[in-house]
Amino acid sequence: MTDIRKLARWEIDEIVQHMNEDHADSLLLYARHYGECFGAISASLTNVRRDSCTLSVEFQNRREAVVIRLKRPVTNIKQAETVMVEMHFEALRATNEANLA
């Protein structure tokens, strides 16, 4: 049976706070890699849903909301952590490979 549980409000708040306070580098990497926001200079997390997260991405002269699809749906804070860490390393690997090419 598929788990269709949504993240609880407290889980969303905890993820958003933690990512913005401790992982700004990951959020910028998400914006550039998954959101194709190559000119982004910073990004902050504004929301997390079962299958996506929303970033507020800052460019030189504007700010834009960008929705990033998660690698797979999440139904609790631990799953969100696992998926977001995987996405960080996937994006980092792709960025490093692109820089070597």
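So, Ser56: buried, at a relative accessible area of 14%. By buried I mean under 20% relative accessible area, with exposed over 50% and partly exposed in between, using a 1.4 Å probe on protein chains only. Before I go on, this is a predicted model, so local features need pLDDT of at least 70 and side-chain atom pairs count only at pLDDT 80 or more, while totals for chains, interfaces and linings use all residues. Residues are numbered from 1 along each chain as its sequence is written, and side-chain values use heavy atoms, with hydrogens and water left out.

Okay, back to Ser56. You'll find Ser56 in strand S2, residues 52-58; strands here are DSSP runs of E, at least two residues, and helices are runs of H or I, at least four, both numbered from the N terminus. What does the Ser56 side chain make a polar contact with? That would be the side chain of Arg63, at 2.8 Å. A polar contact is a pair of N or O atoms within 3.5 Å; within protein, one must be able to donate a hydrogen and the other to accept it, and residues adjacent in sequence count only if both atoms are side-chain atoms. If you skip neighbours within four places in sequence, Ser56 is in contact (heavy atoms within 4.5 Å) with Ser42, Ala43, Ser44, Thr46, Arg63 and Glu64.

On to the charged pairs. How many salt bridges are there in the whole structure? The search finds 9, where a salt bridge is a side-chain nitrogen of Lys or Arg within 4 Å of a carboxyl oxygen of Asp or Glu.

Take Glu11 and Arg5, with their closest N and O atoms 3.0 Å apart. Glu11 is buried, at 3%, whereas Arg5 is partly exposed, at 36%.

Then there's Arg9 with Asp13, bridged at 3.1 Å, N to O. These two sit 4 residues apart in helix H1, residues 9-22, so about one helical turn separates them. Arg9 is exposed at 52%, and Asp13 is partly exposed at 41%.

Last pair: Glu86 and Lys71, 3.6 Å from N to O. Glu86 is in helix H3 (77-100) and Lys71 is in the loop between strand S3 (63-69) and H3, so this bridge ties together parts 15 residues apart in sequence. Both ends are partly exposed: Glu86 at 28% relative accessibility, and Lys71 with a relative accessible area of 41%.
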